[in-house]
Amino acid sequence: MLNPGFGRFYRFALALIVAFALVPHPAAQSPAPYSPTLESLNRHPLPAWYADAKLGIFVHWGLYSVPGWAPLVHPNHDFTNEDYIKNNPYAEWYLNTLRIPGSATAAYHREHYGANYDYYNFAATFDKEIKEWNPDTWAKIFHDAGAKYVVLTTKHHDGFTLWPSTTPNPTLPADKQHATRDLVGDLTTAVRREGLRMGLYYSGGYDWTFVPGPIVKESDHQTVKPQSEAYGKYVDAQVRELISRYQPAVLWNDIDYPKSGHPLEIMAEYYNAVPDGVIDDRFGVKHADFKSPEYQTLDKISPTKWEECRGLGRSFGYNRAEGEAETIAPDELIYLLVDIVSKNGNLLLDVGPEADGTIPPVQMTRLKALGAWLEQNGDAIYGTHTWKRADGEVDGLRVRFTQKDASLYAIFLGKPKATTVTIKSLSPQAGAKISLLGAKDDLAWSQQGSDIKVSLPSVLPGEYAYVLKITGPIS
């Protein structure tokens, strides 16, 4: 037994140790918060969820969805064409294009609404249409399409917001500056309930309620960017509101950030609030988690993460004039996703809903086809990384390669014509197994010099693109 004096000392010492342990110490805390410097921000690692996700859904929805129209031109999005601005195929640019004299959009607006009908009068129609919209329906559609995240346009270039911001627009009437329903919040809740991540788009570079434009010629793209102190404060406040209120998994800015704003501070605050969030490369500063080419793919593997954004048709916003001919075919959509993933990219695929939230049938058929293909073949897409090469050719068919753990995937962009295929410059070691995703049994294969010959089932499962899974050491 301890003597009483030592016992009191022991209890006192123990109390000090416990108290000391309860005091937070810098070394025991989580990593130091990000600060508004490029050095600090550039230490942000690419989150595994984003690298593994591969497919996101972009949603362009707003006042422009009411008229929902743009000319059916520029299928290849030749942005530098002198005619592009006047005949912009992006329906979400409706307000800009209708103000260009002689444009097809101006003629359409005059015919359907009258020459003097103000664009922001569409707010009343939009608010009426969105009352019956069910965000759960969208979330289920996006989930079933195979997407792992969603990005919603919270404010496009027209300045109208899809949430009731506490930062009022100084130039628009109170009843025409934001949706009466919190569309951002409603969709965020529904998307997360489906197990997907929710991202938010914000047009920081253009706001036609501050600097109206219109953009008519190439040089206007810069002069129409508002840079006033008032606009910088406005953007900072609204983006901070989006971060604090919705905690977006993706912070997707567009057309640069106003120089009068504080993008580095916003980024640091965002990472500190959402450590596994990601930021695009359109803030106009030298920090981003990924590159964002628009309607453009890469011709080789990129060492840095990238994400192609594009519409199912030629427009991001709803264009009622678009049909089958203007919408990417199901097989080409699947080939596009496979090609992007094989080169270290994600696909941010846009849907353009009607004002009431209806996703056009021509877009729904593509989403369903994509979802069905991923249901069978997603193992070759989700969580994969690049192999030593992205592409190849097998018996006249284009092939793309992805890799995950000990498995290599060879994805045929089309249907093999014969019951055997030969993959060149591939040498699995003895004991390697080869299977066809969607089929039950392993396939017979043999080494033919530096190539392998694989026997296929007489009936191939699924449609469009077929995937060989090669498991085992490969040289």
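Q: Tyr 90 and Phe 316: buried or exposed?
A: Both are buried. Keep in mind that this is a predicted model.

Q: Which aromatic cluster holds Tyr 90 and Phe 316?
A: One that also takes in Phe 58, Phe 79, Tyr 84, Tyr 201, Trp 252 and Tyr 295.

Q: How many aromatic pairs are there in total?
A: The count comes to 36.

Q: Give me one. How are the rings of Trp 49 and Tyr 149 arranged?
A: Edge-to-face, because their planes stand at 80° and over 60 counts as edge-to-face. The ring centres are 5.7 Å apart.

Q: Where do Trp 49 and Tyr 149 sit in the chain?
A: Trp 49 is in helix 3, residues 48–53, and Tyr 149 is in strand 2.

Q: Why does Trp 49 count as buried?
A: Its relative accessibility is 13%, and buried means under 20%. Tyr 149 counts as buried too, at 0%.

Q: Back to Tyr 90 and Phe 316. What is their ring geometry?
A: Edge-to-face again: the planes are at 70° and the centres 5.2 Å apart.

Q: Which parts of the chain does that pair tie together?
A: Two loops. Tyr 90 lies in the one between strand 1 and helix 4. Phe 316 lies in the one between strand 6 (306–311) and helix 12. The two parts are 226 residues apart in sequence.

Q: How many bridges join strand 8 to strand 9?
A: There are 4, and the two strands run antiparallel. Strand 9 covers residues 397–404. In one of its bridges, Arg 398 is the partner of Glu 393.

Q: Helices now. Which residues of helix 6 are buried?
A: Phe 122, Ala 123, Phe 126 and Asp 127, in a helix spanning 122–129. Down the helix axis they fall within an arc of 135°, so they line one face.

Q: What do those buried residues of helix 6 pack against?
A: Helix 4 (94–98), helix 5 (104–113) and helix 8 (183–193). The face turned away from the buried side carries Ala 124 and Lys 128, both exposed.

Q: And which residues are buried in helix 7?
A: Pro 135, Trp 138, Ala 139, Ile 141 and Phe 142; the helix spans 135–144. Their arc is 160°, so they also line one face.

Q: What covers them?
A: The cover includes strand 1 (55–59), strand 2 (149–155) and strand 7 (345–351). Helix 8 and helix 13 (361–377) are part of it as well.

Q: What caps the N-terminal end of helix 7?
A: Asn 134 does. One of its side-chain oxygens lies 3.0 Å from the backbone nitrogen of Asp 136.

Q: Which glycine follows helix 7?
A: Gly 146, with a positive phi near 95°.

Technical notes: Residues are numbered from 1 along each chain as its sequence is written. Side-chain values use heavy atoms; hydrogens and water are left out. Two strands pair if DSSP finds at least two bridges between them. Buried means under 20% relative accessible area, exposed over 50%, partly exposed in between (1.4 Å probe, protein chains only). The arc is that of the directions from the helix axis to the C-beta atoms. Contact means heavy atoms within 4.5 Å. A polar contact is a pair of N or O atoms within 3.5 Å; within protein, one must be able to donate a hydrogen and the other to accept it, and residues adjacent in sequence count only if both atoms are side-chain atoms. Rings of Phe, Tyr and Trp (its six-membered ring) pair if their centres lie within 6.5 Å; planes under 30 degrees apart count as stacked, over 60 as edge-to-face and the rest as tilted.
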